[in-house]
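Here are my notes on this model, point by point. Please read them with the structure open.

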Amino acid sequence: MAVQVGTSRAVTLAARPTGFPSESDFALVEQPVPEPGPGEVLVRVLWTSVDPYQRGRMSSARSYARPVEIGEVMTAQALGEVVESNDGRFAPGDLVLGQLGWQDYAVERAGALRAVPPVLDPPTLALHAVGGTGFTAYFGLLEVGRPKPGDTVVVSGAAGAVGHMVGQLAKLAGCHVVGISGGPEKARDLTDLYGYDVAIDYKNDDVRAALKEACPRGVDVYFDNVGGEISTAVHARLALHARIVICGQVSQYNAEGPAPTFDPRALIVFRARMEGFLINDYAHRFDEAGVRLAQWVAEGKIRWREHVTDGLENAPAAFIGMLNGENRGKALVRVASRA
């Protein structure tokens, strides 16, 4: 579907999903290209992201951010090129990052945009390894989990966008790192591409037995991306003074009601700590994280992979595929090529 002059396509939320989302929960609509007002910037979206948190934004339940309303453009981190700027911080042709959504063109306040560092090659690194998912791994592991050299770190959803970053950061911190993922290909990625010490395939392995073998001294840091039965198995292997980092609960996002995964008595038995976090709490330190992550990527100490879907109209399918675990690496949608 070609974009006409003066027309912008957008993927909107058509219905609130009950259980697992379907493509019918979204609609592809056309609307006029918006005009920027004072202090605003018109951006042509080149790449947009699909992430687990978007499932929560499709629900009307109370959360840390307001829900996407029916008929509203789906929220998403996106990378784009400035077309028109009414703010001196940006000029046409600049690459910027912001919560621009699933659409061809977006108007955003200049203060809500971040310039994409020109040293990033490719620029899409700003959407993952040196962007939101990288920051999530960086602050979640290093500030909340506080790993020490020699610690055993277990990561669930380990082959996903955040998980594969966590494992590599834990290795840089001198830890023994165990990843849990689904399927033999992802398990091989963990050890061969991302440097995990041990990979557990929850679809084919006995997770409890594998954890016992991989973590004989217990689990010092558990970076939890999934919740559910996998987390229950990890909790049984906690070491004294363990830290449980709650990043996501993807196994629960499509459930009718949350399934309990943790017996709080374990916090007493293991003198453990469980803590959730949001990366916006660390927004004042994004520059610090960006510099360190970019350096590690440039030095080859952090490896990455992109799982690319072409076409804005295919964003819902890419999102559903990501929730199904079909992506290997960061799931991205290529909306357009740079002019």
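1. **The sheet.** In this predicted model, six strands form an open sheet, in the order β10-β9-β8-β11-β12-β13. The pairing is parallel. Its edges are β10 (198–201) and β13 (273–276), each of which pairs on one side only. On average, neighbouring strands of the sheet are turned by 15 degrees against each other, direction ignored.

2. **β8 and β9.** Strand β8 covers residues 152–156, and β9 covers residues 176–181. The two run parallel and are joined by 5 bridges. Strand β9 is largely enclosed by the rest of the structure, because 5 of its 6 residues are buried.

3. **Helices on the sheet.** Helix α2 (residues 132–145) lies across β8, β11 (219–224), β12 (238–246) and β13. Its direction is at about 145 degrees to β11. Helix α6 (residues 228–235) also packs on the sheet. The strands that α6 touches are β8, β9, β11, β12 and β13. The direction of α6 makes about 170 degrees with that of β11.

4. **Burial of α2.** How many of the 14 residues of α2 are buried? The count is 11, so the helix is largely enclosed by the rest of the structure. The buried set is T133, G134, F135, T136, A137, Y138, F139, G140, L141, V144 and G145. Just after the helix, R146 takes a positive phi of about 45 degrees. That residue is worth a look in the backbone view.

5. **α2 against α3.** Two packed helices are described by the angle between their axes and the distance between the axes. For α2 and helix α3 (residues 163–172), the axes come within 9 Å and cross at roughly 45 degrees. That angle makes α2 oblique to α3. The crossing is right-handed. On the α2 side, the residues that meet α3 are G134, A137, Y138 and L141. Their counterparts in α3 are M165, V166, L169 and A170. G134, A137, Y138 and L141 are also among the buried residues of α2.

6. **E81.** This residue sits in strand β4. Is E81 buried or exposed? Its relative accessible area is 11%, which is under the 20% cut-off, so E81 counts as buried. Not counting residues up to four places away in sequence, E81 touches L42, V43, R44, L46, G93, D94, L95, R338 and A339.

7. **D87.** The place of D87 is in the loop between β4 (78–85) and β5 (95–98). At 17% relative accessibility, D87 is buried too. What does the side chain of D87 reach? It reaches the backbone nitrogen of R89, at 2.9 Å. Leaving aside neighbours within four places in sequence, D87 is in contact with G39, E40 and A110.

8. **To recap.** The parallel sheet has 6 strands, and both α2 and α6 pack against it. Helix α2 is largely enclosed and passes α3 in a right-handed crossing. Two acidic residues, E81 and D87, count as buried.

Technical notes
Residues are numbered from 1 along each chain as its sequence is written. This is a predicted model: local features need pLDDT of at least 70, side-chain atom pairs count only at pLDDT 80 or more; totals for chains, interfaces and linings use all residues. Side-chain values use heavy atoms; hydrogens and water are left out. Helices (H or I, at least four residues) and strands (E, at least two) are DSSP runs, numbered from the N terminus. Buried means under 20% relative accessible area, exposed over 50%, partly exposed in between (1.4 Å probe, protein chains only). A polar contact is a pair of N or O atoms within 3.5 Å; within protein, one must be able to donate a hydrogen and the other to accept it, and residues adjacent in sequence count only if both atoms are side-chain atoms. Contact means heavy atoms within 4.5 Å. Two strands pair if DSSP finds at least two bridges between them. Axes are lines fitted to C-alpha atoms, for helices over the stretch in contact, and angles run from 0 to 180 degrees between N-to-C directions. Angles under 35 degrees count as roughly parallel, over 145 as roughly antiparallel, 65 to 115 as roughly perpendicular and the rest as oblique. A crossing is left-handed if the near helix is turned anticlockwise from the far one by less than a right angle, and right-handed if clockwise.
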